[in-house]
Every structure is written in C-alpha cells, then in structure tokens.
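Thanks for coming. Please have a look at it before I start.

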Amino acid sequence: MRRFLIWSALAVVVGLALAGGGYWAYWNFYARFQPVTITRNQAEIQRLLDEASWVSGGGGGEPLYVIGYRDSASTQRYELQEADKLRAGGVELRSIVFARPDREGQVQSTPAERATVAELWLSRDWSLYQRWTATPSRDWTAAGIPAADGNLARTAVVDASRQFVTRLTGLMREAGAPIGYPLVLWRDREGFLKACACADARSWAFIRDDFNAPDAVGPAGGSEVGPVVPAPLPLPGDGTSESLPYPVLPPIPPTGEPVPGQPGATPADPGQPAPATPGPARPVSPPQPSQQDDTTFF
C-alpha cells in the first residue's frame, strides 16, 4: 500500500510537471504573440483613431493603424517588411507618428523630428513621410519645414500627438491590451477591434491571417514570389510578332548573267539580242615537273 501511494504521488508530480511545461511552451512560443481582442472602450479607441492625423499610401479599403515614433526600429522594420504584403491583401496601412515627450529631464526627440511631426499632422503628406523614414535620423534636418519650437501653433500640434498617445495608452490598459511599438490596431472579419504590440516579428503572421494577405510578394508589390520563367527569345521567321519576316528575294539568274539592280548590270533591251552566255572555263593542265640540279620543283 505504501509503495502504491509513493508511485501515485510520483505520477501526479510528473503529470503536473509535463502539463506545466506544455502550457509554458504553448504560451512562450505561440499564445503571447497572438493579438488581443479589445472588449472595452472600443468606441473611444476608434474615435481617437479616426480623429488622428494619419498618413497613408493607399492600397485598399480595410484600414490598419500603425502607431510609432521615428526612432523605433521595430516600427520601421514592420512597415518596410509588411506594408506590401498587407496592401496585396486589400489593406490600407495608416501610419500615426508622435514625438516622445521628455522623460526625467532627458529630451527624447530632436527639433527636426518635432518639426516633421507637426508638418505631417497638419499636411498629412505621404511623400514627406516616405522621405523622412528613408533618411537616417542623424541626417534628417527637416530642410524647408517650419520649425515647431518657438511656434505656438506647431508646438500645440506636437503636444496633440503626445496627448493622443497618452489617451490611447490609458484606454488600452483598461481593456487589458499590451502596450508596445509599433502598436497595430485593426478590425477582423467579424468586426472586432484587435490590437498587437508588434515589436516581435512572430506576431506579424496573425495580422496577415486576419486579412488573408500573402506571406510574400514580388518586387513590384502585387504578386507572390514564384519561379520566374524567362520568355523565349524570338527567332527570325518563327511566326511571333517580335520576329522579322523572311525577306522576299528575286529569282537567282543563271550563272554568268548580271543580276538586275547590281552595279554593272544594264537593263535588257527588247530590240537587241541577248548577250551571249560565256561558256565554261577551260580546264587548266597541271604543272609538269622540271629537273634542276638539286631538287625537283612543281
């Protein structure tokens, strides 16, 4: 009886350990990368997204919001690698940028960044956003853009971008959603609002699955990557539209007659007899050997 109890207790411990390990593996490698369905504050969050000044390159009817700041490497990587895939799935990617506020006396944004954020919120210029994100931060000078510092109206716009993020973060925390950048929000096929703190690339596939977007697209951004079969080269006279037709040649005259159209040819006169055709050339006899002092030459 005692041995039975010992083995039973050991089996329970092993079973609990296996169950705990399996649950941890499921959470660590799969569940924690899944997006969160927002069940609270959906209307307030959607209103904030609609009122924000986002920029977009178009591409579809289903909106997907990407919120981040300029120096967020994960945000830049997400837009660079996923934008074309999502557009191929009929998604309009809308980017919302903000300038981070000072933290514990440390400035987290540059004057050029604040000027650009204010300009984007005011003009929603997609080409400006493309130039900005394609230029390294240390090289971006915001040339030609009015400064936000010292400009009361543009400083208020920069503060509005920060207030947007602060309000959105509070609503997301109340709904139990994670906070991280890029912060991606969209509605699934059933119309539920979903959120993803997509700093890890393992979260991106769940968003593509919601839109049936492809996992890869070609260089042009519209078709899946596949084997490229080169077109056969057109050959002369093979019947293709690219090939040249065979030229139409005149009949070949008998040997010895001049070809009409060539230099030296005279047009035929119907009143004159035809020129005599030269006969075949005489055969040339082979050379005969001749005897000299030392050798025989031919």
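First, some ground rules. This is a predicted model, in which local features need pLDDT of at least 70 and side-chain atom pairs count only at pLDDT 80 or more, while totals for chains, interfaces and linings use all residues. Residues are numbered from 1 along each chain as its sequence is written, and side-chain values use heavy atoms, with hydrogens and water left out.

Now the overall picture. The protein has seven helices and eight strands; these are DSSP runs numbered from the N terminus, with helices being H or I of at least four residues and strands E of at least two. Of its 298 residues, 33% count as buried, where buried means under 20% relative accessible area, exposed over 50% and partly exposed in between, using a 1.4 Å probe and protein chains only. Among contacts with a separation of 6 or more, 63% join residues 24 or more positions apart; a contact means heavy atoms within 4.5 Å.

Next, confidence. pLDDT is the predictor's confidence in each residue, from 0 to 100. Its mean over the protein is 79, and 67% of the residues reach 70 or more. Where is confidence lowest, and where is it highest? The lowest is strand S8, residues 296-297, with a mean of 46, and the highest is helix H4, residues 111-123, at 97. Over residues 221-230 the pLDDT is below 50, and this stretch has twelve contacts in the model beyond near neighbours in sequence. Residues 235-240 also stay under 50, with nine contacts beyond four places in sequence.

Let us take H4 and its partner. The axes of H4 and helix H5, residues 126-134, come within 10 Å and cross at roughly 155 degrees. Axes here are lines fitted to C-alpha atoms, for helices over the stretch in contact, and angles run from 0 to 180 degrees between N-to-C directions. H4 and H5 are therefore roughly antiparallel, since angles over 145 degrees count as such, under 35 as roughly parallel, 65 to 115 as roughly perpendicular and the rest as oblique. On the H4 side the contact is made by Glu113, Thr116, Val117, Glu119 and Leu120, and on the H5 side by Leu128, Tyr129 and Trp132.

Threonine 116 sits in H4. Is this threonine 116 buried or exposed? Threonine 116 counts as buried because its relative accessibility is 0%. Leaving out residues up to four places away in sequence, threonine 116 touches Trp132, Trp140, Ala142 and Ile145.

The second pair is H2, residues 42-51, and H6, residues 152-174, whose axes come within 10 Å and cross at roughly 160 degrees. That makes H2 roughly antiparallel to H6. Glu44, Ile45, Leu48 and Leu49 in H2 meet Phe164, Arg167, Leu168, Leu171 and Met172 in H6.

Phenylalanine 164 lies in H6 and is buried, at 5% relative accessible area. Beyond four places in sequence, its contacts include Leu48, Leu49 and Ala52. The C-alpha atoms of phenylalanine 164 and alanine 52 are 7.6 Å apart, although 112 residues separate the two along the chain.

Last, asparagine 41 is in the loop between strand S1, residues 36-37, and H2. Asparagine 41 is buried, with a relative accessible area of 17%. Apart from neighbours within four places in sequence, asparagine 41 is in contact with Leu171, Glu174 and Ala175.
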